[in-house]
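Open the model in your viewer and keep the selection tool ready. This tour goes stop by stop, telling you what to select and what is there.

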Amino acid sequence: MLPNKLIDKKNLNLIGIKKVKFSHELRRVKKTEDLYKVKECGVCSSDLKFIFTGSRIKKFPVILGHELLAVKMAYNSNKKKYVETKKNTVFGAEIPCKKYKSCLKKNPSNMCDNPLSVGSNLNGGFSNYFIVNKKILKNIPQINFKKRNISNICLSESVACVVNALKLIDAKKNNSILIIGSGYMGLLFVNIAKIYGLKKITVLDLDKNRLSIAKKVGADNIILVKNKLDNKIRKKLDKITDRQGFDRVISSNSNIESHEFSIYQSAKLGKVNLYGGLPKQDLNKLKIDANFIHYNQITITGSFSSNQDDLNEAFSLISKKKIKFNLMNIKNLSFPNFSEEINNLKNKKYLKCIFKP
């Protein structure tokens with residue numbers, strides 16, 4: 001038995017670019033901290049960027065993982081150890097400081113100028129325990145619920161990001177929508193667009209298998225892109241919309257060609273979300289026709305993370321089993337096979353991975 005109020009904390013530490021190291025430590029939980037036992041934590045595409053490029057990581061080492069489901073632990077003085085409570089918690093990723101104008105009443109919590117982020121500058125869920133300062137905990141978007149098994153509920157954070165993006169482009173029932181990219185997030189866009197009642201849900205991708213999944217989760221039209229987004233693809237899209245363009249367009253990837261192409265597929269008064277961030281070396285290469293945007297009154301948005309309202313809706317959608325995770329290729333991983341499977345995820349062997357310590 002461990003000494004009083006000590007836990008054996010096992011971690012996957014990102015110690016540098018492409019360097020993930022397992023460690024464990026005997027850790028005392030301070031009075032100013034709360035202890036959670038990690039049940040599962042989704043592996044986000046952002047985690048891949050953090051691991052393979054060091055993007056947005058200001059200091060190593062750090063424990064990644066922000067798509068987090070954990071159970072609150074309480075110290076039992078009779079048993080002289082921490083035990084699970086009945087309180088499960090799904091966490092959001094962005095923690096507002098609540099000091100600057102950007103994260104006060106008028107703005108959502110993910111728009112803070114000086115945020116903490118679970119799993120990038122605050123140790124996250126690729127561990128057996130999540131330990132967090134109580135003051136910080138108060139500001140983290142979260143949903144607490146009594147202990148019950150809801151399949152894939154840790155993925156609420158990723159679903160919330162899609163909810164946020166669709167909200168920003170004011171996606172409404174009967175709007176037509178084009179989604180470029182059918183990776184995990186692209187498929188969520190398809191699935192939720194179908195739930196919201198959008199029409200002519202059309203998906204472009206280079207991968208036949210992922211397009212077939214897109215069809216199953218709600219796409220009305222799937223189009224295989226063989227080499228590039230060229231006139232052949234434009235003609236197919238024109239046929240779907242009778243050359244009117246799409247009311248809503250999502251570029252769900254980090255590709256310049258996709259971002260540029262997405263804008264020209266917008267209908268007049270249409271709204272476009274450039275969902276994927278671009279690599280820094282590509283930022284100055286993006287070419288957009290300002291006149292096309294001007295004369296067609298197109299709105300171009302980005303979206304980053306999510307807030308409490310988005311998380312609430314995502315939790316509800318998953319709880320009601322409206323997200324078709326069963327059709328997606330999701331792989332569970334743990335401490336022993338983490339590094340191997342992360343490479344497989346990067347190489348698109350899976351659509352999604354979930355870490356289960």
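Start at Ser-305. Leaving out residues up to four places away in sequence, Ser-305 touches Ala-93, Glu-94, Asn-110, Glu-157, Cys-161 and Asn-164. Contact here means heavy atoms within 4.5 Å. Ser-305 belongs to the loop between β16 (299-301) and α9 (308-319). Helices (H or I, at least four residues) and strands (E, at least two) are DSSP runs, numbered from the N terminus. Is Ser-305 buried or exposed? Its relative accessibility is 10%, so Ser-305 counts as buried. The cut-offs are under 20% relative accessible area for buried, over 50% for exposed, and partly exposed in between (1.4 Å probe, protein chains only).

A word on the model before moving on. It is predicted: local features need pLDDT of at least 70, side-chain atom pairs count only at pLDDT 80 or more, and totals for chains, interfaces and linings use all residues. Residues are numbered from 1 along each chain as its sequence is written, and side-chain values use heavy atoms, with hydrogens and water left out.

Next, select Ser-120. Look for it in the loop between β8 (116-117) and β9 (129-133). Ser-120 is buried, at 7% relative accessible area. Show what surrounds it: apart from neighbours within four places in sequence, Ser-120 is in contact with Phe-50, Arg-56, Ile-57 and Val-62.

Now go to Phe-60 and Pro-61. A cis peptide bond joins the two, with omega about -5°. Pro-61 lies in the loop between α1 and β4 (62-63).

Select α1 (residues 45-53) and α10 (residues 338-346). Two packed helices are described by the angle between their axes and the distance between the axes. Here the angle is about 110° and the axes are 11 Å apart. Axes are lines fitted to C-alpha atoms, for helices over the stretch in contact, and angles run from 0 to 180 degrees between N-to-C directions. The two helices, α1 and α10, are therefore roughly perpendicular to each other; that term covers 65 to 115 degrees, with under 35 roughly parallel, over 145 roughly antiparallel and the rest oblique.

Show the side chains where they meet. From α1 come Leu-48, Ile-51 and Phe-52; from α10 come Phe-338, Ile-342, Asn-343, Leu-345 and Lys-346. Zoom in on one of these. The charged end of Lys-346 sits over the ring of Phe-52, 5.1 Å from its centre. That label requires NZ of Lys or CZ of Arg within 6 Å of the ring centre and within 35 degrees of the ring normal.

Turn to the aromatic rings. How many aromatic pairs does a search of the whole structure find? There are 12. Rings of Phe, Tyr and Trp (its six-membered ring) pair if their centres lie within 6.5 Å; planes under 30 degrees apart are stacked, over 60 edge-to-face and the rest tilted. Select Phe-189 and Tyr-275, an edge-to-face pair with 5.1 Å between centres and 85° between planes. Phe-189 is in α4 (184-196) and Tyr-275 in the loop between β15 (266-274) and α8 (290-296), so the pair ties together parts 86 residues apart in sequence. Phe-189 is buried at 0% relative accessibility, and Tyr-275 is buried at 18%. Then select Phe-22, Phe-126, Phe-335, Phe-338 and Phe-355, which ring pairs link into a cluster.

Finish with Arg-243. Arg-243 is not a glycine, yet its phi is positive, about 65°. Arg-243 is exposed, at 68% relative accessible area.
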